[in-house]
Structure formats: C-alpha cells, structure tokens
Amino acid sequence: MEEVRESSAWVAAHSTHVTVDYKGIEKVAEAIKDSIPKVEWDFEGIHYFDNGPLTVQYLFVLDALNFCFWPDKDLNYDNLAAGLKAALENDKSAFDADRLQKYTGPQLRKMLGWPRPLPLEDERVRLLHEVGSELERSFEGRASKLIESCGKSAVKLVELITRHFPGFRDHTVYKGHQVFLYKRAQIFAADVWGAFKGEGYGEFNDIGSVTMFADYIVPAVLEQLGVLRFSSSLARNIESQSEIGPGSEEEIELRACSIYAVEKIRELLHKKSGKQVSSVELDLWLWSVGVQCPSLKHHRTLSIYY
Ligand SMILES: Nc1nc2c(c(CN[C@H]3C=C[C@H](O)[C@@H]3O)cn2[C@@H]2O[C@H](COP(=O)(O)O)[C@@H](O)[C@H]2O)c(=O)[nH]1
C-alpha cells in the first residue's frame, strides 16, 4: 500500500482546503499513548460469521456494496451488513457467483429488506454483477480463492482485487498526480482479518501495511479531534450539507489528508510508547466514535468508492 501512503502524503503537502494540524496529532497521541482504545471488530454484532469460506464470500459482497448510504437519511452501513446476513441465513446460495450476476435493483432492495430504491442502486447492481462474473471467470466462483491466492499478504490481496475488479479501483487525479485511496479493497482485507481474528483466512503477515479507510465518517471525526482543519468555504459546505463533487480538490484532500494524518498518529504513538499500532485498529476506533455521534456532520459526495 506504499502507493496509497505516498500519494496521500503528496496531497497533504499540496493541500489547499484541508490542513493536517500537528498539534492535534500530538494531542491525540498523548491522550491515547498509555491505553490505546481497542474496538472489537463487529462490536455492533451485525455481521455474518461461520468461520468458513461463506463468510469470505459474504464480506466480499458486503464490501462491493459498502458505499454511499447518506442520501437516504434512514439507511446506514448496519442495514447493509445485517440485511446481507439475514439474506444469507435464509438462503445459503444467495451469494453464489451465478446468482450474483442476476440480481435486479428491486431484488437487491428486497434482499436487504429496504422499502424504497437504494442510493445509487443501478451502480450497486452493476458492481454485484461484476463481482459474480469475475469470481466465476477467474476464482472458481469463490472469494475465498482470492485469499488463497495471495500468500497471507494483504498488500497482494489489494493488488489482486484492484487488478480483477474495476469497481474497486478507487483512484483519482489531483493537481496532475495520480492518487490511490483503495478504500473498499483495503477494508475487505481488514474485515477478513478482523472477522477471523487474524487466523485462518484472516492471517496476513503485513496487515500493518493497510492504511485507514478513507470514508466520510473518519475525516469528520479527525476534524472534531483537531487533527484536520478545513477552509471556511469547505467547513460551510459540510455544515450546510451541500454536495461536494467526486474528484474535486476538496473531496480528495478530505480523504488523502485523513490517510496521512492517521499514519502520522501511528508514527507518533510508536515514538512515544514503543507500541506498534496498526492503522486498521486506529481506523476502527475513530470510525466507531463517529458512528456513535449522531450529530456529526460529514461531507457528502456521490461516490461508489466509499
Ligand atoms: N473508515 C471506516 N469506514 C467504514 C467502516 C465501516 C464498517 N466497518 C465494519 C468492520 C468492523 C466493524 O465492526 C464495522 O462494522 C463502514 N465504513 C464507512 O462508513 C460510512 C457509513 O457510515 P453511515 O452512513 O453512518 O453508516 C461509509 O462510507 C462506509 O463505507 C470502518 O470500519 N472504517
């Protein structure tokens, strides 16, 4: 994930609308250095888990659809995770590769128990079809085969996913430079690691290489903590819940500066306490803080990537 780390650092160094505040980083590192907050994966108790390959299939489908819930004010990530879990418990073949290629919007909605069209529903359906057809073509229909092909390396897993599944290619161009963010591909590796508690399918020797997942919750939490500062026009747009265009400088800075800032918090924690904390662990803590704060205002971008 060197390309994610390096290109995010480049954005942070050339940023116009978002500033990484080193005093904020120092404050956060100081506050948590003696007792680093540990949040259990699936602290919400909403994910499917059977300790086998079907769990991997579930997580891959989940992360193929893990984006843009906010346009429907009642919809959130929990609805997706719990809805897919219920669908699988009801029908163990629901996520077979041939079935994934055939779902329609209304069927997906029904599967999730959602009473109206999902945000970006056509894109969700297209991505589901893409996952089904490429799994069938190259991985015997099984997401677990992806894991078996990557030699316990999360870096290789992300490379493999982004090579085979165009929908996971979360990259963009900022001030003429290619920037890699790879949110859904990386969160899939982290979800497998978290669900299987670092063992079996979840054993990755390089999980520390994964960066935080640049979504719309963690940037808002980092701003609250004084780690990120926004220009007054960006702060106004977030406050008034105006949409921020995908690929705009503001949007890329929000995401890339979050990745850079979490890497800096991690480095400082290591310096202060000698402890090696992964960005995945820091991310889960920051994200859980954000989703438990209903008044948190986040940026709004229509995107299939997060
Ligand atoms: N950075 C980061 N972003 C994350 C997650 C997760 C869920 N991870 C699961 C893994 C284990 C845990 O137990 C979690 O359940 C979702 N998201 C993002 O949040 C947004 C949804 O927000 P709202 O509309 O309020 O539900 C959306 O962009 C979604 O993609 C995470 O962990 N980190």
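# Core, rings and loops in a predicted model

Q: Which residues have the most contacts inside the largest nonpolar core?
A: Phe60 and Leu146. That core has 112 residues. A nonpolar core here is a set of buried Ala, Val, Leu, Ile, Met, Phe, Trp, Tyr and Cys residues joined through side-chain atoms within 4.5 Å. Buried means under 20% relative accessible area, exposed over 50%, and partly exposed in between, with a 1.4 Å probe and protein chains only.

Q: Which helix gives the largest share of this core?
A: Helix H13, residues 249-273, with 11 residues. Helices (H or I, at least four residues) and strands (E, at least two) are DSSP runs numbered from the N terminus.

Q: What are the ground rules for the model?
A: It is a predicted model: local features need pLDDT of at least 70, side-chain atom pairs count only at pLDDT 80 or more, and totals for chains, interfaces and linings use all residues. Residues are numbered from 1 along each chain as its sequence is written, and side-chain values use heavy atoms, leaving out hydrogens and water.

Q: And what is the mean pLDDT of the chain?
A: The mean is 97, and 100% of the residues reach 70 or more. pLDDT is the predictor's confidence in each residue, from 0 to 100. The model scores ipTM 0.98 and pTM 0.98.

Q: How many aromatic pairs does the structure hold?
A: 14. Rings of Phe, Tyr and Trp (its six-membered ring) pair if their centres lie within 6.5 Å; planes under 30 degrees apart count as stacked, over 60 as edge-to-face and the rest as tilted.

Q: Why is the pair of Phe60 and Phe168 called stacked?
A: The ring planes of Phe60 and Phe168 are at 0 degrees, with the centres 5.2 Å apart, so the pair is stacked.

Q: Which parts does the pair tie together?
A: Phe60 lies in helix H3 (residues 53-64), and Phe168 in the loop between helix H9 (154-164) and strand S2 (171-174), so the pair links parts that are 108 residues apart in sequence.

Q: Are Phe60 and Phe168 buried or exposed?
A: Both are buried.

Q: What about Phe139 and Phe165?
A: They form a stacked pair, 6.3 Å centre to centre with 20 degrees between the planes. Phe139 lies in the loop between helix H7 (121-138) and helix H8 (143-148), and Phe165 in the loop between H9 and S2, so this pair ties together parts 26 residues apart in sequence. Phe139 and Phe165 are both buried.

Q: Which residues do ring pairs link into a cluster?
A: Phe60, Phe139, Phe165, Phe168 and Phe188.

Q: Which ring does Arg184 lie over?
A: The face of Phe168, at 4.7 Å from the ring centre. The charged end of Arg124 sits over the ring of Phe67, 4.1 Å from its centre. The test is NZ of Lys or CZ of Arg within 6 Å of the ring centre and within 35 degrees of the ring normal.

Q: New topic: H3. How many of its residues are buried?
A: 10 of the 12, so H3 is largely enclosed by the rest of the structure. Among them are Thr55, Gln57, Tyr58 and Asp63.

Q: What do the buried residues of H3 pack against?
A: Helix H4 (77-90), helix H5 (97-100), H7, H8, H9 and helix H10 (183-195).

Q: What distance does H3 reach from its first C-alpha to its last?
A: 17 Å, close to the 16 Å expected at 1.5 Å a residue. The expected span is 1.5 Å times one less than the number of residues.

Q: Now backbone. What is phi of Leu120?
A: Near 50 degrees, a positive value in a residue other than glycine. Leu120 lies in the loop between helix H6 (105-111) and H7. At 26% relative accessibility, Leu120 is partly exposed.

Q: And Lys197, what is its phi?
A: Positive, about 50 degrees, although Lys197 is not a glycine. Lys197 is in the loop between H10 and helix H11 (218-224). Lys197 is exposed, with a relative accessible area of 61%.

Q: Last one: is Gly176 buried or exposed?
A: Exposed, at 65% relative accessible area. Gly176 sits in the loop between S2 and strand S3 (177-180).

Note on methods. Contact means heavy atoms within 4.5 Å.
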